[in-house]
Amino acid sequence: MTKQDIEIRTQDGKAKARLFRPAAPAKVGIILYMDIFGPRPALDQMAERIAGLGYAVLVPDLFYRYAPYGPFDPKTAFADEKTKALLLMLSGGTTQGMTIRDGEAFLDALAAEGVDGPIGVVGYCMGGARALNAAAAYPDRIAAAASFHGGNLASDAPDSPHRKAASIEARVYVGVAGIDRSFPPEQSARLAEALRVAEVDHTIENYVGVGHGWCVPDHSVYDEAGAERHWKRLTTFFAETLG
């Protein structure tokens, strides 16, 4: 396993990112779209686990336009009003359109590193919607898209991922937190209908009893059993779709 810090030139500047590689050369790549708390050791740990499956894993800093910032402790960040306001500014100021535009540079960065096979994306929290929007924006390059405790996947916003379902060619997996105000049952139903009408190969699974953020080990609602279930689903999903 190797970990490499790289810089990706985008249309709006330079984004820092980390690239994780397995021991053997990898032709299949994964882009991990971060949660609101940004790149940190917990996400490195998750990327390393995915890379251990034989994939090259890219973890870009989606908030690079505002760097430097943080670091943030997910257990306490929203309890402090200043930190909460900063996090909301970072996430609100980094629009879906910006991240969609950045997606081309992220994909090109993997290709430049010799990762020229199929690409999968997985996102957590705010990254969930961004992973699905990336699949819609780059259907010829992204073959698998997964979201875990993603918020606002089928909201009234014009950039809501469900509105772009017809552009998705990838297989889609959505893991829903049983307790999540950012993705209520009516949004889940709306997303399912949009994907069904668009004939997208998809699975939406409800993880009953766990909260928003349950997959990420440094989160206050981390649930080990639920996280391991998520790893089992994600591993199978990528293996079946990407090889």
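Visitor: What makes Phe63 count as buried or exposed?

Guide: Phe63 has 0% relative accessibility, and buried means under 20% relative accessible area, exposed over 50%, partly exposed in between (1.4 Å probe, protein chains only). So Phe63 counts as buried. Keep in mind that this is a predicted model: local features need pLDDT of at least 70, side-chain atom pairs count only at pLDDT 80 or more, and totals for chains, interfaces and linings use all residues. Residues are numbered from 1 along each chain as its sequence is written, and side-chain values use heavy atoms, leaving out hydrogens and water.

Visitor: Why is the pair of Phe63 and Tyr69 called what it is?

Guide: Across the whole structure, a search finds 12 aromatic pairs. For Phe63 and Tyr69, the ring centres are 5.8 Å apart and the planes sit at 65 degrees, so it's edge-to-face. The rule: rings of Phe, Tyr and Trp (its six-membered ring) pair if their centres lie within 6.5 Å, with planes under 30 degrees apart stacked, over 60 edge-to-face and the rest tilted.

Visitor: And what is the pair of Phe237 and Phe238 called?

Guide: Tilted, with 5.8 Å centre to centre and 35 degrees between the planes. Phe237 is buried at 5% relative accessibility, and Phe238 is buried at 1%. Both belong to a cluster linked by ring pairs, whose members include Tyr207 and Trp214.

Visitor: How do you know that Arg229 lies over the face of Tyr207?

Guide: Arg229 is 4.1 Å from the ring centre of Tyr207. The test asks for NZ of Lys or CZ of Arg within 6 Å of the ring centre and within 35 degrees of the ring normal.
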